[in-house]
Amino acid sequence: MNYSLKKEHITNAKHIALCVVIFLILTQCNTGNQKGNAAKQTDTLLKTENKDTSLKTANLPILTAKQRDSLSKINFMLPSPDEILSEIIPAKTAFNSSLVNPRNNIDSYLGTKYQSLNLGVYLTDFAYLNLNDQKNDALEYFKTVRDLAQKVNIYGLFNQSMYDRIQNNLTRKDSLGEISKEVYYKMLDILESAKRNNIYALIASGAIIEALYISTMTVKNYTDYQKIAEKIFEQKYLLDNFSEFTSQFDEDKDVRSVLIDVIELKKILESSPNQKTEKKVLHDKKDHIIINGGEEVILDEATFKKFKDNIIRTRNSITNAVNK
Amino acid sequence: MMLSLFFLLNGLSQSCTGFYKSSNCYRHESKGFNQYGQAKSTTIELNKLYKCQILLYGKKDYIFSLCTEDGFKPLHFRIVDKSNNDVIYDNADDNYNPTIGFSMEKTTTVTVEAEILVEKGDKDPNKYRVCLGIQIWWRKIPKIGFD
């Protein structure tokens with residue numbers, strides 16, 4: 001993209017925007033963006049209603065103002081559901097349709113908390129279906145994602161062109177994977193720009209929990225699926241980054257309740273023994289380095305079973321939420 | 001209303017969406033690599049540090065390419081290992097090279113710190129907000145030899 005050219009467009013756009021704003025002032029227009037206002041109102045309501053005043057009673061560390069300030073200066077990048085699933089589950093692993101959350105559950109999610117969490121769940125299901133070439137189901141799940149996104153007031157993403165792109169790429173697995181990633185990141189960008197970080201945290205929580213649930217359920221027999229198990233143990237880093245990111249918004253009651261579950265899952269994975277070797281950074285050629293060493297996870301069946309029980313319980317508490 | 005106008009114009013001038021995919025960040029060495037989802041575009045101020053935390057899965061090759069809009073140099077960046085705060089790479093020691101590739105054996109969280117350095121009297125840092133692209137490509141470490 002030519003950004004110099006883009007700047008000219010921006011200058012023109014500024015003039016147009018200026019005219020539009022002057023017009024709005026003159027006409028005292030009251031018909032602003034109702035959807036945006038609805039989103040703002042919902043979140044303001046959420047912030048007021050959900051502000052947790054019982055922080056001391058919950059089993060979570062309370063961040064100091066300094067820690068909160070320090071975290072707010074870091075931008076946390078999180079892998080998409082598509083990337084998490086691809087990292088853990090080998091390409092030839094059999095698809096299991098019973099693992100995705102049935103689409104008709106959508107009607108039972110009435111509150112913002114469960115709508116947001118299950119939006120994350122369905123985003124991961126959409127990615128899982130794409131990765132396994134379940135084209136028709138993927139399209140249906142995309143519609144579910146769109147419907148639920150509208151319920152939590154996320155607009156501007158699910159337009160006709162996006163829908164057309166999916167239909168035109170149904171035969172191209174890689175393209176669908178890219179679209180799946182794009183939908184996820186654009187949605188989070190929209191929420192971040194609108195300062196709706198509590199909703200962001202809930203959607204990302206649902207997505208990560210569902211990805212770990214699907215991955216864990218793929219391990220039918222611990223002995224035969226050790227590679228997948230090893231990858232699951234490595235997700236403690238993901239949960240660590242994610243809990244750090246989410247802890248900034250823990251004054252929101254809904255975020256806080258999910259954060260407790262995420263930290264519990266992280267603690268289980270961290271309780272597994274590991275072997276540390278010194279990290280070494282080697283410059284082997286121009287513009288290239290090798291980073292050797294670090295932490296090696298030692299697989300432990302008891303820990304894996306504990307994690308599996310916990311992720312099933314956590315995931316089902318999200319997807320089986322009725323009229324909450 | 002004036003506040004709305006300010007934010008609207010400010011927002012328009014800061015649209016950096018997709019900047020990391022621009023030719024400024026492109027490197028031909030990325031051929032055969034995949035786009036990493038955690039690549040990012042953002043807006044930064046001159047002489048102000050931008051920090052982001054990225055999870056890099058193990059047993060992979062990565063290429064990092066950081067770029068900014070034309071005319072804003074040098075772009076200083078460091079990649080720091082979160083587990084021990086060791087600096088994995090600092091492009092100030094490498095003539096502000098915008099690209100680095102690395103092979104990562106174990107899954108690691110890194111912090112990328114980036115800053116556009118401007119000397120006094122060059123540009124007024126308060127006047128500029130510039131696009132920053134953090135482009136990341138990855139591939140599985142290719143197998144060498146026999147299994």
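User: How many salt bridges are there over all chains, and how should I read that count?

Analyst: Side chains of opposite charge can pair when their charged atoms come close. The rule used here asks for a side-chain nitrogen of Lys or Arg within 4 Å of a carboxyl oxygen of Asp or Glu, and by this rule there are 27 salt bridges over all chains. This is a predicted model, in which local features need pLDDT of at least 70 and side-chain atom pairs count only at pLDDT 80 or more, while totals for chains, interfaces and linings use all residues. Residues are numbered from 1 along each chain as its sequence is written, chains are lettered from A and ligands numbered from 1 in the order in which they are written, and side-chain values use heavy atoms, with hydrogens and water left out.

User: Which residue forms a salt bridge with Lys231(A), and which parts of the chain does the pair link?

Analyst: Lys231(A) pairs with Glu87(A), their closest N and O atoms being 2.9 Å apart. Helices (H or I, at least four residues) and strands (E, at least two) are DSSP runs, numbered from the N terminus. The pair links distant parts of the chain, with Lys231(A) in helix 10 (residues 226-234) of chain A and Glu87(A) in helix 4 (residues 81-88) of chain A, 144 residues apart.

User: How is the area buried between chain B and chain A to be read?

Analyst: The size of an interface is often given as the accessible area lost when the parts come together. With a 1.4 Å probe, and summed over both parts, the area buried between chain B and chain A is about 4,000 Å², of which carbon and sulfur atoms give 55%. Counting contact as heavy atoms within 4.5 Å, 46 residues of chain B touch 47 residues of chain A.

User: How many salt bridges are counted between chain B and chain A?

Analyst: The count between these two chains is six; one salt bridge joins the side chains of Asp240(A) and Lys82(B), at 3.2 Å from N to O. On the chain B side, helix 1 (2-13), strand 3 (50-56), strand 6 (87-90), strand 7 (99-104) and strand 8 (108-116) each supply at least two of the residues that touch chain A.

User: In what sense do strand 1 of chain A and strand 3 of chain B pair?

Analyst: Two strands pair if DSSP finds at least two bridges between them. Strand 1 (residues 74-76) of chain A and strand 3 of chain B run in the parallel sense over three bridges, and Ile74(A) stands opposite Lys51(B). Within chain B, three bridges join strand 5 (residues 75-81) to strand 6, and these strands run antiparallel, with Val80(B) and Val87(B) as bridge partners.

User: What is the phi of Asn85(B), and where is this residue found?

Analyst: Asn85(B) has phi near 65°, a positive value in a residue other than glycine, and is found in the loop between strand 5 and strand 6 of chain B. In that hairpin, five residues lie between the strands.

User: Is the peptide bond from Lys73(B) to Pro74(B) cis or trans?

Analyst: That peptide bond is cis, with omega near -5°, and Pro74(B) sits in the loop between strand 4 (60-68) and strand 5 of chain B.

Methods:
Buried area = accessible area lost by both parts, 1.4 Å probe.
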